[in-house]
Amino acid sequence: MRHLMSPLDFSVSEIDRLLDLANDIEKQPKKYAHACEGKKIATCFYEPSTRTRLSFEAAMLNLGGSVLGFSSANSSSAAKGESVSDTIRIISCYADICAMRHPKEGAPLVASEKSKIPVINAGDGGHQHPTQTLTDLLTIRSLKGRLDNITIGLCGDLKFGRTVHSLINALIRYDNVKFVLISPEELRVPDYIREDVLKANDIEFEEVETLEEAMPELDVLYMTRVQKERFFNEEDYIRLKDFYILNKQKLAEAKEDMLILHPLPRVNEIAVEVDDDPRACYFKQAQYGVYVRMALILTLLELDKEFDY
């Protein structure tokens with residue numbers, strides 16, 4: 001039995017195979033419509049979520065399975081003080097696989113150690129968000145045709161952004177990937193990412209403060225919101241929340257085939273006028289999230305072996 005806590009839990013060849021399966025699901029959805037009949041996923045979300053929770057549920061329903069779970073800590077026995085360890089022991093009696101989101105870093109890992117079913121980390125604090133990373137990899141590979149030889153700009157909240165941390169960890173395993181880290185001083189990537197991930201692996205990167213200076217060289221621009229829920233004081237959030245707003249004027253210097261990605265939700269860091277630009281791929285990215293989660297459910301339940309793809 002396997003769990004998914006980090007993108008690094010899968011080798012590059014395993015990720016490639018997972019993405020191949022996701023692409024086949026996209027092309028032939030009917031082929032997989034009954035793959036999980038009789039199976040149940042528990043979505044245990046201690047934090048609010050729209051895309052991640054609903055895409056897991058859509059993924060299982062698309063596979064012919066069923067769904068149970070809760071959408072906030074207040075609607076579970078956590079409100080009575082039940083531990084994550086006890087909750088997962090109970091969930092293991094009811095479901096075949098679990099997707100867990102929790103505000104505390106490491107909580108899904110604790111759950112996986114006590115679980116009798118596969119556990120998927122659906123986001124833990126500011127730490128990891130592996131299924132968003134798989135979604136990002138699928139989007140880039142499907143639309144660019146490759147995951148190597150790219151320059152990717154990561155813009156906005158690089159300090160608390162778990163999607164950014166997971167994506168950096170995943171992409172450093174591919175050849176000739178350069179990172180341009182675009183953020184204000186206060187929201188730069190944490191030291192452990194800079195020192196233990198980028199520098200330790202001899203990865204090319206630069207840190208800049210403005211979108212304009214980074215734009216011309218980018219193959220992919222990954223925008224993120226400044227996350228109010230991660231700040232300890234309101235003044236810092238208000239000062240930094242509008243630091244970057246991508247609009248048509250700033251896109252004038254970008255490559256014609258650059259991809260604009262965003263894990264969503266968007267607040268105002270991408271102007272609505274950008275939605276009609278052919279480079280804007282963030283809603284398509286959300287659709288890819290369903291395909292990759294379908295592929296992941298099949299893989300962790302060891303049902304992928306029943307299909308040729």
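Modeller: Axes are lines fitted to C-alpha atoms, for helices over the stretch in contact, and angles run from 0 to 180 degrees between N-to-C directions. This is a predicted model, in which local features need pLDDT of at least 70 and side-chain atom pairs count only at pLDDT 80 or more, while totals for chains, interfaces and linings use all residues. Residues are numbered from 1 along each chain as its sequence is written, and side-chain values use heavy atoms, with hydrogens and water left out. Helices (H or I, at least four residues) and strands (E, at least two) are DSSP runs, numbered from the N terminus.

Biologist: At roughly what angle do the axes of helix 1 and helix 11 cross?

Modeller: Two packed helices are described by the angle between their axes and the distance between the axes. For helix 1 (residues 12–27) and helix 11, the axes come within 8 Å, and the crossing angle is roughly 120°.

Biologist: How many nonpolar residues are in the contact of helix 1 with helix 11?

Modeller: Contact means heavy atoms within 4.5 Å. Helix 1 contributes Leu18, Leu19, Leu21, Ala22, Ile25 and Glu26, and the residues from helix 11 include Tyr288, Tyr291 and Val292. Ala, Val, Leu, Ile, Met, Phe, Trp, Tyr, Cys and Pro count as nonpolar, Asp, Glu, Lys and Arg as charged, and the others, Gly among them, as polar. In the contact of helix 1 with helix 11, one residue is polar, one is charged, and the nonpolar ones number twelve.

Biologist: Which residues of helix 11 make the contact with helix 2?

Modeller: Helix 2 (residues 51–62) and helix 11 (residues 282–300) pack with axes 8 Å apart at an angle of about 60°, so helix 2 is oblique to helix 11. From helix 2 come Thr52, Ser55, Phe56, Ala58, Ala59, Met60 and Asn62; from helix 11 come Val290, Arg293, Met294 and Ile297.

Biologist: Which residue is the bridge partner of isoleucine 41 in strand 2?

Modeller: Strand 1 (residues 40–45) and strand 2 run parallel and are joined by five bridges. Within strand 2, isoleucine 41 has as its bridge partner valine 67.

Biologist: How many residues of strand 4 are buried?

Modeller: Strand 4 is joined to strand 3 (residues 97–102) by four bridges, and the two run parallel. Buried means under 20% relative accessible area, exposed over 50%, partly exposed in between (1.4 Å probe, protein chains only). Strand 4 is largely enclosed by the rest of the structure, because its buried residues are six of the six.

Biologist: By what average angle are neighbouring strands turned in the sheet with the order 7-6-5-8-9?

Modeller: This sheet is open, has five strands and shows parallel pairing. Strand 7 (205–208) and strand 9 stand at its edges, each with a single partner strand. With direction ignored, neighbouring strands are turned against each other on average by 20°.

Biologist: Which residue in strand 9 is the bridge partner of leucine 221?

Modeller: Strand 8 (residues 220–223) is covered on both faces, with Val220 and Tyr222 buried on one side and Leu221 and Met223 buried on the other. Strand 8 pairs with strand 9 (residues 259–261) in the parallel sense over three bridges. In strand 9, leucine 221 is partnered by isoleucine 260.

Biologist: Is serine 183 buried or exposed?

Modeller: Serine 183 lies in the loop between strand 6 (177–182) and helix 7 (191–199). Not counting residues up to four places away in sequence, serine 183 touches Gly156, Leu158, Arg188, Val208, Glu209 and Tyr244. Its relative accessibility is 4%, and serine 183 therefore counts as buried.

How values were computed:
Two strands pair if DSSP finds at least two bridges between them. Angles under 35 degrees count as roughly parallel, over 145 as roughly antiparallel, 65 to 115 as roughly perpendicular and the rest as oblique.
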